[in-house]
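This report describes selected local features of a protein model and its ligand. The structure is shown first, and the description follows.

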Amino acid sequence: MSALETNTMTNEPILKVEHLSMRFGGLMAINDLSFEARRGDITALIGPNGAGKTTVFNCVTGFYKPTMGMVTMTQRSGKKFLLERMPDFEITRDAKVARTFQNIRMFSGLTVLENLLVAQHNMLMRASGFTILGLLGFAGYRRATEQSIEIAKYWLEKADLLSRADDPAGDLPYGAQRRLEIARAMCTGPEFLCLDEPAAGLNPRESLALNELLRSIRQDTGTSILLIEHDMSVVMEISDHVIVLEYGQKISDGTPEEVKNDPRVIAAYLGVEDEEVEEVIEEIEEIQETEGGQGGKH
Ligand SMILES: Nc1ncnc2c1ncn2[C@@H]1O[C@H](COP(=O)(O)OP(=O)(O)OP(=O)(O)O)[C@@H](O)[C@H]1O
């Protein structure tokens, strides 16, 4: 978990989405979408309801097979994975992509610590050699168990959950459950972490704790993050890069500041009809020019 591990062997973007399309019957949910997520960045995918954000996530994480297009992930080592061709469990296990869901999914009857140990099941099974003898006798399995407890403790501390380690996960307040989900994803040692609305339902204090956790993940592990988020205070505060979708297409792509001031984005969020967009863009540009002019006079 040292910062040294964040050194990258390749400068390629961690994720390249090229000409992605996803059709559900007669509905084109994603239409020829291309974008990149840079290594080490927090990239946010935003857009009005129904814009196609979750569909993109599901294509990246293997829950959907896209109708067309390529989704390439490049690991630090330079190894490439064509995610659109892989089943979801291989995307997690081999490409090292972890995700959380819009609705919290965890084992609410298990303790907080147990949830983090279950997440490391794959690693423990490999250490057992997939045999009962391995489980009972191998020193390698014992070492792996100790290591998985250490990893769990590290993420419990990072997520500010150490004092709740032995409580049933279902007893945690909502914001803490969201942090537990992220800690659980991090226990699998991902290179790319996909978070579906991590701030949904959080109060302002919980949102701040979430921002802190995500920043520390980026800084301490170099894990790249892709998140869908409606809470603009979270997006603007922590993202390095924002991509805006509307009707399955990209309408803006840049820094939070660039996107915030993009008239097309403002029009999309105001829910303006297609034929009125040009008009609204002109009005917004006029307002921006006036404000810019006034700013210069001060
Ligand atoms: N499994 C599916 N079958 C049919 N239509 C779907 C399916 N999943 C998504 N859609 C449709 O695709 C479009 C994009 O949906 P998606 O959930 O990706 O949008 P979103 O931007 O994530 O929305 P929200 O912000 O409301 O979660 C919507 O019109 C939705 O109804």
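## Ligand surroundings

Among the 14 residues around the ligand, those that come nearest are G50, G52, K53, T54 and T55; a residue counts as near when one of its heavy atoms lies within 4 Å of the molecule. The model is predicted, so that local features need pLDDT of at least 70 and side-chain atom pairs count only at pLDDT 80 or more, whereas totals for chains, interfaces and linings use all residues. Residues are numbered from 1 along each chain as its sequence is written, and side-chain values use heavy atoms, with hydrogens and water left out.

A backbone N or O atom of A51 lies 3.1 Å from a ligand oxygen. For the side chain of K53, the distance from an N or O atom to an oxygen of the ligand is 2.8 Å, and for the side chain of H230 it is 2.9 Å. On its own the ligand has 630 Å² of accessible area, of which the protein covers 63%; the areas come from the Shrake-Rupley method with a 1.4 Å probe, and for residues only the protein chains shown count as cover.

## Composition of the shell

Two or more residues of the shell come from each of β2 (27–37) and α1 (53–60), and α1 gives the largest share, 3 residues. Helices (H or I, at least four residues) and strands (E, at least two) are DSSP runs numbered from the N terminus. By class, the shell holds 6 nonpolar, 7 polar and 1 charged residue; Ala, Val, Leu, Ile, Met, Phe, Trp, Tyr, Cys and Pro count as nonpolar, Asp, Glu, Lys and Arg as charged, and the others, Gly among them, as polar.

## S224 in strand β8

S224 belongs to strand β8 (residues 224–228). This serine is buried, because its relative accessible area is 1% (buried means under 20%, exposed over 50%, partly exposed in between, with a 1.4 Å probe and protein chains only). Its side chain reaches the backbone nitrogen of G40 at 2.8 Å.

## Positive phi values

Most residues other than glycine have a negative phi. H19, in strand β1 (residues 15–24), has a positive phi near 50°. Y247, in the loop between β9 (241–246) and β10 (249–254), also has a positive phi, of about 50°. H19 is partly exposed at 48% relative accessible area, and Y247 is exposed at 63%.

Key: Polar contact = N/O pair within 3.5 Å; in protein donor to acceptor, adjacent residues only side chain to side chain.
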